[in-house]
Amino acid sequence: MKEQLEEILAEVQKSVGEIHLRPAFESFKATISGPKGKLTEAMKGMRDVPKEAKPAIGKLINETKQAIEEHYENTLSRIEQAEMAARLGPAIDPTLPAPDRAPGGLHPLTQTRRRVVDIFRKIGFTVAESPELETEWFCFDALNTPDDHPARDAQDTLFLNKETAVTNVSRHGDDPSKEAYVLRTHTSSVQIRTMLAEEPPLRIVAPGRVFRRDTVDATHSANFHQFEGLYIDRNVSVVDLKAVLDHFVREIFGDKVETRLRPSFFPFTEPSFEMDIRSANLGKLSNKWMEIMGCGIVDPEVLKAVGIDSEVWSGYAFGMGIERIAMIQHGIDDIRHFYQNDLRFLKQFA
Ligand code: DAH
């Protein structure tokens, strides 16, 4: 009987290591400890053991049962752990740092705006801001724009109903009929607000959103972004204007760029110019003249409107579209890409 028990224990010892699944474990256990199992059968042999040997064999049986039980328990807990791991998936080490998510990136227009601001900040300009909702006076009158100028046409400019407009925009000017509200059509209104708020000399740039009553196509958007500049000091000339703009253009488009000032007209500058650029280094846009901004010497009428003595002070101003700069920088041929939130487009700038 002793050998029989030792054999059974040896078999259990040997077999449990090879069992990995619960059903296999249960059926193996039945072959040992079940009603017809080997251990159960062996124990029946107790009947035939001589009386004096019974205590020793009884002890051996108990020890064997205990050892087998321990093997069962170990096997079962190993199986349970495997089952849990299978449910949890691959092993997780909670002490490791989380895997990197794809890092975000700035919108191309934000990148261009920041780049432009940086270039001007380095040469002493500060950033100015003013409301997107303006009165007609700030957007047009103070900028020497005549009443019958086409820009004031309801076909071009988004006027707001006085009742629905936010009313914290203060009115300047004497004619109450001029108190119409508009969504600013250009950032040039920031010139007026800055000159009213601060004493010259002045050196500001103003990036911001502007609005026009335009039908959206590849080059037009009813809502886009501009970048305004204003410099007021004594004895300012076109040479100062050209020097600063040439510096800006070379910084943003590279050293190869050539510039030219072409005579133009804006109500708020006299003389007025369009600045064109040409470069051998602009991909598809290489070697052709492209208009990039309007500029000029601040018209004395504008200085008069804000109470600055034009006998003492003079200045230059410029304004450009941020979309346009970004489109030239990157060779983008459709303005709508900027607003569609298509990651395939945006990721190229991240
Ligand atoms: N405000 C003009 C526009 O929206 C751009 C512009 C032209 C701004 C000449 C200026 C300037 O400051 O001097 O088309």
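## Around the ligand

Three strands each give at least two residues to the shell around the ligand: strand 6 (223-233), strand 9 (290-298) and strand 10 (314-321). Please keep in mind as you look around that this is a predicted model. The ligand itself sits in the largest pocket.

The shell holds 15 residues, and those that come nearest to the ligand are His186, Ser188, Arg212, Gln226 and Glu228.

Let us look at some individual atoms. In the side chain of serine 188, an N or O atom lies 3.0 Å from a nitrogen atom of the ligand. The backbone takes part as well: a polar backbone atom of alanine 317 is 3.2 Å from an oxygen atom of the ligand, and a polar backbone atom of phenylalanine 318 is 3.3 Å from an oxygen atom of the ligand. On its own the ligand has 360 Å² of accessible area, and the protein covers 89% of that.

## A buried phenylalanine

Now turn to helix 5 (residues 108-122), where you will find phenylalanine 120. Its relative accessibility is 0%, so phenylalanine 120 counts as buried, a term that applies under 20%.

## Two cis peptide bonds

Most peptide bonds are trans, which makes the next two places worth a visit. Proline 200 and proline 201 are joined by a cis peptide bond with omega of about 5°. Proline 201 belongs to the loop between helix 7 (189-197) and strand 5 (202-211).

The other cis bond runs from glutamate 270 to proline 271, and its omega is near 0°. Here the setting is a strand, as proline 271 lies in strand 8 (residues 269-278).

## Two asparagines with positive phi

Most residues other than glycine have a negative phi. Asparagine 235 is not a glycine, but its phi is positive, at about 55°. You can find asparagine 235 in the loop between strand 6 and helix 8 (238-253). With a relative accessible area of 70%, asparagine 235 is exposed, because that term applies over 50%.

Asparagine 287 also has a positive phi, near 65°. The loop between strand 8 and strand 9 holds asparagine 287, and at 53% relative accessibility this residue counts as exposed.

Note on methods: Residues numbered from 1 in each chain as written. Predicted model: local features only at pLDDT ≥ 70, side-chain atom pairs only at ≥ 80, totals over all residues. Heavy atoms only, no water. Near = heavy atom within 4 Å. Polar contact = N/O pair within 3.5 Å; in protein donor to acceptor, adjacent residues only side chain to side chain. Areas by Shrake-Rupley, 256 points an atom, 1.4 Å probe, with all protein chains shown as cover. 1 Å grid on protein atoms, 1.4 Å probe; cavity = no way out; pocket = protein on both sides within 12 Å on 5 of 7 lines; lining within 4 Å. Sits in = over half its atoms within 2 Å of the grid points. Helix = DSSP H or I, 4+ residues; strand = E, 2+ residues; numbered from the N terminus. Buried < 20%, exposed > 50% of the residue type's maximum accessible area, 1.4 Å probe, protein only.
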